[in-house]
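Let's walk through this model together, one question at a time. Have the fold open in your viewer as we go.

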Amino acid sequence: MNVIGLCGSLREGSFNMLALKAAQKLAPDGMEISIESISDIPLYNDDIRKNGMPASVMQLRQKLAGADAILISSPEYNFSVSGILKNTLDWVSRAPEPPMEDKPVAIMGASIGMLGTARSQYHLRQILVYMNCFTLNRPEVFIGMADKKFAENGELTDPVAVKLITDQLIALQKLILRVACK
Ligand SMILES: Cc1cc2nc3c(=O)[nH]c(=O)nc-3n(C[C@H](O)[C@H](O)[C@H](O)COP(=O)(O)O)c2cc1C
């Protein structure tokens, strides 16, 4: 199973990127997670779309179209998803053949706040409803106080978060199989 990881933060040392890297290591047998950068995705402009989507957008759309599932880890910015992620999803959502339609999606997030992106994840779920994705309901992965949960070398050291990510990826594996059977 080929899963594409998207990070909603461009920050070097991003806790959300570290969470995705932890997920790469925790993935069950048979699942591979490739993290795709969204740093080259331009600001959405419908005039540009009408004249042809930019190459960086087309490349990402192609990779998403070929994936079995998507794993998104985004920071919470002002109680919502980061604009960086939303902008990318806006490009991805457009016709023709929006590549995330009917795809299983798992979401997680890391924040230095207590709630670990809980508020923003419910906004993200709403966006994914419009995009007609099969978003995994449980387990939810909220990594609060993220500045205390990763070692200096970037490794996720919090056992609760490690277990949640492990369990979420197993649940995602099952969802991929269920969606493929439809
Ligand atoms: C513009 C902005 C808004 C933020 N808003 C929130 C917020 O609403 N809730 C929260 O828990 N943290 C908030 N934070 C703090 C982030 O949790 C923190 O910067 C986190 O490390 C970002 O994720 P990253 O490490 O992946 O870049 C905000 C940070 C920024 C830069």
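Q: In which loop is Phe-79 found?
A: A note first: this is a predicted model, where local features need pLDDT of at least 70, side-chain atom pairs count only at pLDDT 80 or more, and totals for chains, interfaces and linings use all residues. Residues are numbered from 1 along each chain as its sequence is written, and side-chain values use heavy atoms, leaving out hydrogens and water. Phe-79 is not a glycine, yet its phi is positive, about 70°. Its place is the loop between strand E4 (76–77) and strand E5 (80–81).

Q: Which pattern does the protein follow along the sequence?
A: Helices (H or I, at least four residues) and strands (E, at least two) are DSSP runs, numbered from the N terminus. The protein has six helices and eight strands. Read in sequence order, they give β-α-β-α-α-β-β-β-α-β-α-β-β-α.

Q: What is the radius of gyration of the protein?
A: The globule rule is 2.2 Å times the number of residues to the power 0.38, and the radius is taken over C-alpha atoms. For 182 residues the rule gives 16 Å, and the protein comes close to that, so it is as compact as a globular protein of that length; its radius of gyration is 16 Å.

Q: Is H1 parallel or oblique to H6?
A: Axes are lines fitted to C-alpha atoms, for helices over the stretch in contact, and angles run from 0 to 180 degrees between N-to-C directions. Under 35 degrees counts as roughly parallel, over 145 as roughly antiparallel, 65 to 115 as roughly perpendicular and the rest as oblique. Helix H1 (residues 15–26) and helix H6 (residues 159–180) pack at about 60°, with axes 10 Å apart. That makes H1, relative to H6, oblique.

Q: Which residues of H6 make the contact with H1?
A: Contact means heavy atoms within 4.5 Å. From H1 come Ala-19, Ala-23 and Leu-26, and from H6 Val-162, Ile-165, Thr-166 and Leu-169.

Q: Which residues in H4 does H3 meet?
A: Helix H3 (residues 55–65) and helix H4 (residues 83–93) pack at about 75°, with axes 10 Å apart. That makes H3 roughly perpendicular to H4. Val-57, Leu-60, Arg-61 and Leu-64 in H3 meet, in H4, Thr-88, Trp-91 and Val-92.

Q: Is the peptide bond from Ala-95 to Pro-96 cis or trans?
A: Pro-96 is found in the loop between H4 and strand E6 (104–110). With omega near 0°, the bond from Ala-95 to Pro-96 is cis.
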